[in-house]
Amino acid sequence: MKIGIGNDHAAVEMKMQIKEFMEGLGHEVVNYGVDTPESCDYPEIGERVGNAVASGEVDCAVLICGTGVGISIAANKVNGVRAAVCSDTTTAHLVKEHNNANIIAFGARIVGVETAKDIVKTYLEAEFMGGRHERRVAMISDIEKKNSSK
């Protein structure tokens, strides 16, 4: 699988470890984040990764900032993105199974690196369940379409 990864200055070390972890699982990882601790603007990275997912350049993505929230909000502004913040493995598999999330995010200041690895592995192994969830994901897409024309 081809996976995007993006981060801001708060998450450089964690990004490097998560990137290496995903590569160790056999995935190709494309780095859209920063590699230095110099201050940067997470909305630009969230948008860049969101566009990569929405265009099909990557299959899915992982975003990391201080909390995971700001960068995921930015990514969610891109049509076709369903980014979800995950701080535990239960959320990680449910956002894939129920919401067909195509991006997960977490905070380098919130979860430790081993928990982050567990979150990523759980998300990547989960599969969208379809069924009643398919209808709900379609409803989310309809809301997005309706509001993008305003």
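Colleague: Which residues does Ile104 touch, not counting those up to four places away in sequence?

Modeller: Ile104 touches Ala61, Val62, Leu63, Ala84, Cys86, Val95, Ile119, Val120 and Tyr123, with that exclusion. Contact means heavy atoms within 4.5 Å. Some ground rules before we go on. This is a predicted model, where local features need pLDDT of at least 70, side-chain atom pairs count only at pLDDT 80 or more, and totals for chains, interfaces and linings use all residues. Residues are numbered from 1 along each chain as its sequence is written, and side-chain values use heavy atoms, with hydrogens and water left out.

Colleague: Okay. How many residues are in the largest nonpolar core?

Modeller: The largest nonpolar core has 23 residues. Ile104 is among those with the most contacts inside it, along with Ile18, Met22, Val62 and Phe106. A nonpolar core is a set of buried Ala, Val, Leu, Ile, Met, Phe, Trp, Tyr and Cys residues joined through side-chain atoms within 4.5 Å. Buried means under 20% relative accessible area, exposed over 50%, and partly exposed in between, with a 1.4 Å probe and protein chains only.

Colleague: And which elements give two or more residues to this core?

Modeller: Strands S1 (2–7), S3 (60–65) and S5 (103–107) do, and so do helices H1 (12–24), H4 (89–97) and H5 (113–125). H5 gives the most, with 5 residues.

Colleague: Let's zoom out. How many helices and strands are there in the protein chain?

Modeller: There are 6 helices and 5 strands. Both are DSSP runs numbered from the N terminus: helices are H or I with at least four residues, strands are E with at least two. From the N terminus the order is β-α-β-α-β-α-β-α-β-α-α. The radius of gyration is 14 Å, close to the 15 Å that the globule rule gives for 150 residues, so the chain is as compact as a globular protein of that length. That radius is taken over C-alpha atoms, and the rule is 2.2 Å times the number of residues to the power 0.38.

Colleague: What does the C-alpha trace span along its principal axes?

Modeller: About 40 × 35 × 25 Å. Of the 150 residues, 44% count as buried.

Colleague: Is Lys15 buried or exposed?

Modeller: Lys15 counts as buried, because its relative accessibility is 0%. Lys15 is in helix H1. Beyond four places in sequence, Lys15 touches Ile5, Asn7, Asn31, Gly33, Val34, Asp35 and Ile64.

Colleague: Asn7 is on that list. Where is Asn7 placed?

Modeller: In strand S1. Asn7 is buried too, with a relative accessible area of 0%. Leaving aside neighbours within four places, the contacts of Asn7 include Val12, Lys15, Ile45 and Ile71.

Colleague: New topic. Which loop holds Asn100?

Modeller: The loop between H4 and S5. Asn100 has a positive phi of about 50°, although it is not a glycine. Most residues other than glycine have a negative phi.

Colleague: Last one. How many residues apart in sequence are Glu97 and Glu127?

Modeller: They are 30 residues apart in sequence, and 5.4 Å apart in space, C-alpha to C-alpha. Glu97 lies in helix H4. Setting aside neighbours within four places, Glu97 is in contact with Ala126, Glu127, Phe128, Met129 and His133.
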